[in-house]
Amino acid sequence: MTGMLLGQNLPRRLPSTSSSRLLVAIWLVFGIIFASAYRGNLTAALTLPTYPPRPETLPQLVESVKMITMQSYGKEFKEFFSKSDSPLFQKLATLITIVPTLMGGQQQAIENKQAHLDNRRYQSHNIAKRFTRADGRELLYIGRESIMPGQSAWPLPHDAPYTAVIDRHLMAVVEAGLYEQWAADLLFEVQQESRKRLQEQQRQQQLQAHADGKLASEGSRESTLSLSIRHTQGAFLLFLFGLVIAALAFGGEVISGKL
């Protein structure tokens with residue numbers, strides 16, 4: 001191929017024009033680019049984890065789960081949804097089951113094919129605190145669509161003269177995005193504390209297992225497993241074996257040529 005690109009030692013059956021060499025060069029460049037892109041996409045497809053499609057909206061939720069848990073105040077929501085004219089909300093009401101605590105509902109969502117319905121910020125805070133692994137991955141997620149709009153208010157005396165002042169200041173805080181920023185900062189701090197606590201627990205478990213002469217538990221090993229040269233050792237040895245065979249073949253050709 002190098003001789004063909006340089007215009008030397010071309011076989012008689014092939015044309016020796018520049019257009020043919022240009023065609024071969026273009027084909028080689030295309031082959032290199034195509035092979036590199038294919039190899040990169042294949043590596044990404046084989047290494048990246050594949051997750052099943054997860055429900056993000058209310059129609060997807062009621063079609064994919066077998067039960068939706070709520071805390072004790074969910075009885076009012078269940079009654080409200082059951083009186084709706086929408087078949088979607090009526091089906092949602094039939095799926096709602098009351099559980100005593102938020103922790104219980106979220107734990108059941110992990111173990112079974114079900115979901116837990118509650119305030120978005122409250123759930124995000126509890127997930128970051130209780131259901132986050134040491135590497136930062138969360139065992140639960142919050143859907144994209146909101147079913148229960150969370151609202152809050154300050155009770156003030158009727159016709160109080162300072163109501164307009166408080167409303168103006170509250171609106172300024174909301175419009176400036178301070179409320180969202182404070183919530184994001186609080187969630188980030190909880191995630192960091194939870195990650196440090198889990199990493200410390202893993203470290204203590206590994207030290208205890210090392211002192212007892214045993215390996216750490218399988219769950220803690222899976223949470224911190226990373227790729228190393230040991231995982232690609234087979235392909236690397238096969239590559240070295242091919243290089244050795246190629247070197248021996250080349251040496252044999254040189255020796256036979258001299259003889």
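**Figure 1. Overview of the fold.** The protein has 11 helices and three strands. The model is predicted. Along the sequence, the elements run α-α-α-β-α-α-β-α-β-α-α-α-α-α. The protein has 259 residues, and 17% of them are buried. Of the contacts with a separation of 6 or more, 60% join residues 24 or more positions apart.

**Figure 2. The largest nonpolar core.** This core holds 14 residues. Leu-61, Val-65, Ile-68 and Leu-92 have the most contacts inside it. Helix 3 (58-64), strand 1 (67-70) and helix 5 (87-95) each give two or more residues to the core. In soluble globular proteins, nonpolar side chains tend to be buried together.

**Figure 3. Surroundings of Leu-92.** Leu-92 is among the residues with the most contacts inside the largest nonpolar core. The view leaves aside its neighbours within four places in sequence. Ile-68 is itself listed with Leu-92 among the core residues with the most contacts.

**Figure 4. Crossing of helix 6 and helix 7.** Helix 6 spans residues 102-111, and helix 7 spans residues 120-130. Their axes come within 11 Å and cross at roughly 70 degrees. An angle of 65 to 115 degrees counts as roughly perpendicular, so helix 6 and helix 7 are roughly perpendicular to each other. Helix 6 contributes Leu-102, Met-103 and Gln-106 to the contact. From helix 7 come Tyr-122, Gln-123, Asn-126, Ile-127 and Arg-130. By type, the residues of this contact are four nonpolar, three polar and one charged.

Figure 5. A search of the whole structure finds five aromatic pairs. Phe-30 and Phe-34 form a stacked one. Their ring centres lie 5.8 Å apart, with 25 degrees between the planes. Both residues belong to helix 2 (residues 18-47). They are four residues apart, about one turn of the helix. Phe-30 is exposed, with a relative accessible area of 54%. Phe-34 is exposed too, at 53%. Both values are over 50%, so each residue counts as exposed.

**Figure 6. An aromatic cluster.** Tyr-73, Phe-77, Phe-80, Phe-81 and Phe-89 are linked into a cluster by ring pairs.

Technical notes. Residues are numbered from 1 along each chain as its sequence is written. This is a predicted model: local features need pLDDT of at least 70, side-chain atom pairs count only at pLDDT 80 or more; totals for chains, interfaces and linings use all residues. Side-chain values use heavy atoms; hydrogens and water are left out. A nonpolar core is a set of buried Ala, Val, Leu, Ile, Met, Phe, Trp, Tyr and Cys residues joined through side-chain atoms within 4.5 Å. Buried means under 20% relative accessible area, exposed over 50%, partly exposed in between (1.4 Å probe, protein chains only). Contact means heavy atoms within 4.5 Å. Axes are lines fitted to C-alpha atoms, for helices over the stretch in contact, and angles run from 0 to 180 degrees between N-to-C directions. Angles under 35 degrees count as roughly parallel, over 145 as roughly antiparallel, 65 to 115 as roughly perpendicular and the rest as oblique. Ala, Val, Leu, Ile, Met, Phe, Trp, Tyr, Cys and Pro count as nonpolar, Asp, Glu, Lys and Arg as charged, and the others, Gly among them, as polar. Rings of Phe, Tyr and Trp (its six-membered ring) pair if their centres lie within 6.5 Å; planes under 30 degrees apart count as stacked, over 60 as edge-to-face and the rest as tilted.
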